[in-house]
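Q: Please show me the model, and then take me through how its features are read.

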Amino acid sequence: MARSIAWRLATVAAIRDETPTVRSFTLALPDWPGHRPGQHVDIRLTAEDGYSVERSYSIASEPERDGLVDLTVERIPDGEVSAFLHDVVVPGDRFEVRGPIGGYFVWEAPLGGPLLLVAGGSGIVPLMAMLRHRARAGSAAPTRLLYSSRGADEIIYRAELDALATDGSGLDVHHTLTRTQPPGWTGYARRIDERMLADVVEPIRPSTRVFICGPTALVETAANALVRLGLPAGQIRTERFGPTGT
Amino acid sequence: MSERFVTRGFIGRRGTQDPSGAADTRSRVPPGQYLTRDFPVLSAGPTPRTALDRWSLRIEGLVAAPVEWTWSEFLALPARDWLVDISCVTKWTHLDMRWRGPSVDTLLEAADIDPRAAFVVAFSDGGYTTNLPLGDVLNGGAFVAFEYDGRPLAPEHGGPARLVVPGRYFWKSAKWIRGLRLQSADDPGFWESLGYHNRGDQWREERYSGD
């Protein structure tokens, strides 16, 4: 029988605003066993009277950072945990974390490319762990990121993505802004659809590994379109969040 | 750590109260779970789509002879309504989900099961599998749903038909099910081979391997 994944006490080492509603928390985790890009952690918050809640969050940071793990959390209106993390937590605070968890939605440099990453909103987080790892590992795997945000100020990691896309390693970043576009915007300006994916992944190679993370509607649209474009379903890995409406 | 660490400033919303403010439903929410009214979708890959005229459901493995139903034969099996609470390992619990479909008992009655059968592997379109002790799916413990909330089960929720095992985390409720294989030995399925618990009992909080 495998050993249980232990709860560890994390100390918040730093907090950084990413967008008006998204914040990154750097957690110091002594004895962290390491993770693979794409994995997540569970966190547990406990009140004085013993009431406690758990939530899962994707890891945003690359595994090359010893003992430090970044979580990027969107503040959900009325979110019991995300609102607490945003509104109450300050550096030096501590809470329980266990992980890493999940072994399927994972990419590591030796797997190589070509790689297609498709993100909607905070679905960028586990993909960012892959991109950061790709950079730190010196991988030149041809990689394309198609990232859908509502508006320019809601693009998470924008400056870092810009920098990674110009480092000569073979990463192309394509943004689409679905709600509002700033003057002079030259990127896509609609929801992800089959034509946009065909544009971005041209030429389609059956060996392309695909990771899609975002709201259900985006993931469904993108995964179905890629299957229609000829990518083998087994090459497409998805992670979803959010309600379906029904 | 055995003692839970108290987080500075955390009070919580006491989210195990029913969001509608109706009955006290706290006792129905397993440890570490929160209540939702949504029906979140989680899948490891694209949603498979199989035409109903090519769909079948099969009982195989340790049976005298495999049994297979076409879609129309499957719909003709004795079905009932099920009102059950569902808990996903990603922490949401949804109370009183209404489904319709035949029980696994009904399906297995049609097959002559070898007494050595002790485990079952559910297999699905797209290659997904999940394993269960036979006892977990008998005596009303599981059913194969073709309707949710009075409507045909949507593809992203596992339609045309999915296994539903209310007593276990929801990954055991295989979407897009195409059959059950009876075995004498246990055989870890997709998530069970990727660090998730082999049994997945939400009341024992069996989330991950070793829990």
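Q: Is B:Leu108 buried or exposed, and why?
A: A residue is called buried if 20 or more other C-beta atoms, placed from the backbone, lie within 10 Å of its own, exposed if 12 or fewer do, and partly exposed in between. B:Leu108 is buried because 20 other C-beta atoms lie within 10 Å. The model is a predicted one, in which local features need pLDDT of at least 70 and side-chain atom pairs count only at pLDDT 80 or more, while totals for chains, interfaces and linings use all residues. Residues are numbered from 1 along each chain as its sequence is written, and chains are lettered from A and ligands numbered from 1 in the order in which they are written.

Q: Where does B:Leu108 lie, and which residues is B:Leu108 in contact with, leaving aside neighbours within four places in sequence?
A: Helices (H or I, at least four residues) and strands (E, at least two) are DSSP runs, numbered from the N terminus. B:Leu108 belongs to helix H2 of chain B, residues 104–109. Contact requires C-beta atoms, placed from the backbone, within 7 Å of each other. With neighbours within four places left out, B:Leu108 is in contact with B:Ile59 and B:Ile113.

Q: How is the setting of strand E6 of chain B read?
A: Burial is checked residue by residue. In E6(B), residues 119–124, six of the six residues are buried, so the strand is largely enclosed by the rest of the structure. One side carries B:Phe119, B:Val121 and B:Phe123, and the other carries B:Val120, B:Ala122 and B:Ser124; all are buried.

Q: Which strands pair with E6(B)?
A: Two strands pair if DSSP finds at least two bridges between them. E6(B) pairs antiparallel with strand E7 of chain B (residues 129–133) over five bridges, and B:Ala122 has B:Thr130 as its bridge partner there. The hairpin of E6(B) and E7(B) has four residues between the strands, and B:Gly126 takes a positive phi near 90 degrees in this hairpin. E6(B) also runs antiparallel to strand E12 of chain B (residues 177–183), joined by six bridges; here B:Val121 stands opposite B:Arg181.

Q: What does the arc of buried residues say about helix H4 of chain A?
A: The arc is that of the directions from the helix axis to the C-beta atoms. In H4(A), residues 194–201, the buried residues are A:Met196, A:Leu197 and A:Val201. They fall within an arc of 115 degrees, so they line one face of the helix. The face turned away from this buried side carries the exposed residues A:Arg195 and A:Asp199. The buried residues of H4(A) pack against strands E7 (115–120), E8 (143–149) and E9 (171–177) and helix H5 (216–228) of chain A.

Q: What is the domain assignment of chain A?
A: Domain bounds come from an automatic or database domain assignment. For chain A it gives domain 1 (8–101) and domain 2 (109–241). Their contact takes 15 residues from domain 1 and 14 residues from domain 2.

Q: How many residues of chain B are in contact with chain A?
A: An interface is described by its contacts and then by residue class. In this model, 35 residues of chain B are in contact with 42 residues of chain A. Ala, Val, Leu, Ile, Met, Phe, Trp, Tyr, Cys and Pro count as nonpolar, Asp, Glu, Lys and Arg as charged, and the others, Gly among them, as polar. The side of chain B that touches chain A has 14 nonpolar, 13 polar and eight charged residues.

Technical notes
Contact = placed C-beta atoms within 7 Å.
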